Amino acid sequence: MKKMLFVFGILTVFSLAVACEGNSGDTHDIDSANNIAKGEEPQGGVLTYAETSPFSGVLDWAHYESFNDSIALNIFSPDRLFKTGEGLRPEPNLARDWEWSKDRKTVTFFIEEGVKWHNGEKLTAEDFQFAWEVIAHADYTGPRLSNVNIIQGFKEYHSGKTDSLSGVNIIDEYTLEVTFNDAYPNAIDQLWPYPMPKAHLEHVEVAELEDVDEIRREPVGLGPYRVTDIIPGELIEFEAFDDYWKGAPNLDGVNYRIVDGAQAAELLTQGEIDIIKLDASQAVTLEGDDRVTIEEVDALSYGYLGFKLGHWDAEKKQNVMDNDKFQSKKLRQAFAYALDRQGMVDSFSEGYGTVINAPASVISWAYPDEAMLNQYEYDPQQAMMLLDEAGYEDITGDGFVETPEGEEFTVNLTVMDTPANISEPRAQYIIQNLQDVGINARLHGGQLYDYALFYELVQKDDPEIDLFLGAWSLTPDPDPTGLWKSDDVWNYTRWVNEESDKLIERGLSQEAFDDNYRRDVYQEWHQLVNEELPIIPLSSPINIYGISHNAGGVTPDLADAVTDAHLWYKRQ
């Protein structure tokens, strides 16, 4: 499951993505807003795509964890084996086609010919093999093992017993076979789809890849634009790559710029930037402004409030649920009833979004039947009743409950400082909700944390974190692997549940080739999560993009607005 943590006003961390995937988008013969025929788009000029949080600068798909890095990657190297098509199902992309063996354990990919890397090298089957073996290597420092450990021979290669993945067989330059450990219903979705430029990186030790200039300063991609200059965390300049396999870009180049989120609307109207994801509060101020087009897209993502239930054991590579503070299910459920989640959507998202009770996007084909879930509607009285049943009472008379052992009970909420205009009031809103039912909640350290520090605190399980506000951008396949299993490093709550693991595995079983069976399994899994409540799902959001009247050919998608950037043009 290639998932990604993204900046959700609050949280966030990285995509972890993870990797962020979206539809390639349909292209139209006519730009309906301007009556520009396909092939007659203006040529030349530069557009600026803006974001509001600094990028980390890890410009390689296999290693990046920041959503903002994925924007840059989607500008200069967006293509992968498959793209997301009708019904959120995989369709050919760099693999022009594929064929399955009768036992559904081996797939043969036929790679597009004539695709070039920015260094002039041609894309071949070896670039995919190289990527998979980098990720499967024992010294790999990234988070995507779950995207290659399904390949036959992974354990032997990862342990150093072999020097290659036995499940990868290169037939010729443009044909390769991949054999999996078993027949998985989502094998294509699960398999890591991005190649790595072998000629550019093979001389670098795997353990050092994440930090070398070949990735951070001089990355090589195979997309419509190549990197020409980087100001770390602030600006990346791209120039057109005329040998792009889908056709030369219309533009001379693209700038990827980090801006102050509070100024996003103003920068758009002044023409300083051309494309940006907007907060709802800013979008409403631009309604009716003919200098800007507002586009709304249901997001393949969700926001949540997470409990820190334990820690990650790096040596054993598994989660340990050893935080006694939140072991009581009734306590966690009391928190859920205490939160006015609809009020959060209305107050901080201008109503854009849907309150959810499952960790999934409402547009997923496997989104559960809400009628089968606890709704946890805002009910302070129910919250206080559950606190009392769990043994949390106000013994001292100060308005806040103590633990069943009579000890002070305080809760630290950890929040990121983006978006700047709503992060703090939203955090205070949550804190007030909790305090209203007698939970002594407070802002962790009395402050909001910047992107890098927030990420470090959450990932390393800082002992001062009790709650954290997060969001995940999801891949189209609904498999929870990567985020929710006992051995998933991105399982940031550190929830360990044997029944959950078994259900996730059932969702990838032979029976799960039947979509109805698989949907039923995920319904059961969502009901378990909904009852145990390791997180409190908040909302399935709607992404809002502001596009300058100067920019044409822009297609907002499930995760960003970078789809088919070679089709962008600048109006004269």
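The structure is a predicted model, in which local features need pLDDT of at least 70, side-chain atom pairs count only at pLDDT 80 or more, and totals for chains, interfaces and linings use all residues. Residues are numbered from 1 along each chain as its sequence is written, and side-chain values use heavy atoms, with hydrogens and water left out.

View 1. Strand E7 (residues 95–100) pairs with E8 in the antiparallel sense over five bridges. Strands (E, at least two residues) and helices (H or I, at least four) are DSSP runs numbered from the N terminus, and two strands pair if DSSP finds at least two bridges between them. E7 and E8 form a hairpin with five residues between them, and Arg104 in the turn has a positive phi of about 60 degrees. Arg104 counts as partly exposed because its relative accessibility is 31%; buried means under 20% relative accessible area, exposed over 50%, and partly exposed in between (1.4 Å probe, protein chains only). Leaving aside neighbours within four places in sequence, Arg104 is in contact (heavy atoms within 4.5 Å) with Ala183 and Phe513. The C-alpha atoms of Arg104 and Ala183 are separated by 5.3 Å, although these residues are 79 apart along the chain.

**View 2. Strand E8 and its partners.** Six of the six residues of E8 (residues 106–111) are buried, so the strand is largely enclosed by the rest of the structure. Thr106, Thr108 and Phe110 point one way from E8, while Val107, Phe109 and Ile111 point the other way. Ile111 in E8 is the bridge partner of Ala95. Strand E10 (residues 175–179) runs antiparallel to E8 and is joined to it by five bridges, with Leu176 in E10 as the bridge partner of Phe109.

**View 3. The largest nonpolar core around Trp132.** A nonpolar core is a set of buried Ala, Val, Leu, Ile, Met, Phe, Trp, Tyr and Cys residues joined through side-chain atoms within 4.5 Å. The largest one has 155 residues, and those with the most contacts inside it are Phe109, Trp132, Phe238, Tyr256, Phe335 and Trp568. Helix H2 (residues 125–136) gives the largest share of this core, eight residues. Apart from neighbours within four places in sequence, Trp132 is in contact with residues including Leu81, Val148, Leu176 and Trp192. A second, separate core of 15 residues includes Val259, Ile276, Ala280 and Ala283.

**View 4. A seven-stranded open sheet.** The strand order is E11-E12-E13-E4-E14-E24-E15, with mixed pairing. Strands E11 (225–231) and E15 (292–298) stand at the edges with a single partner strand each, so one side of each is left without a neighbour in the sheet. From one strand to the next the twist averages 25 degrees. E12 (residues 235–240) and E13 (residues 253–258) run antiparallel and are joined by five bridges; Glu237 stands opposite Asn255 in E13. Helix H1 (residues 67–76) packs on the sheet, touching strand E4 (46–51), E11, E12 and E13. The direction of H1 makes about 175 degrees with that of E13, where axes are lines fitted to C-alpha atoms, for helices over the stretch in contact, and angles run from 0 to 180 degrees between N-to-C directions.
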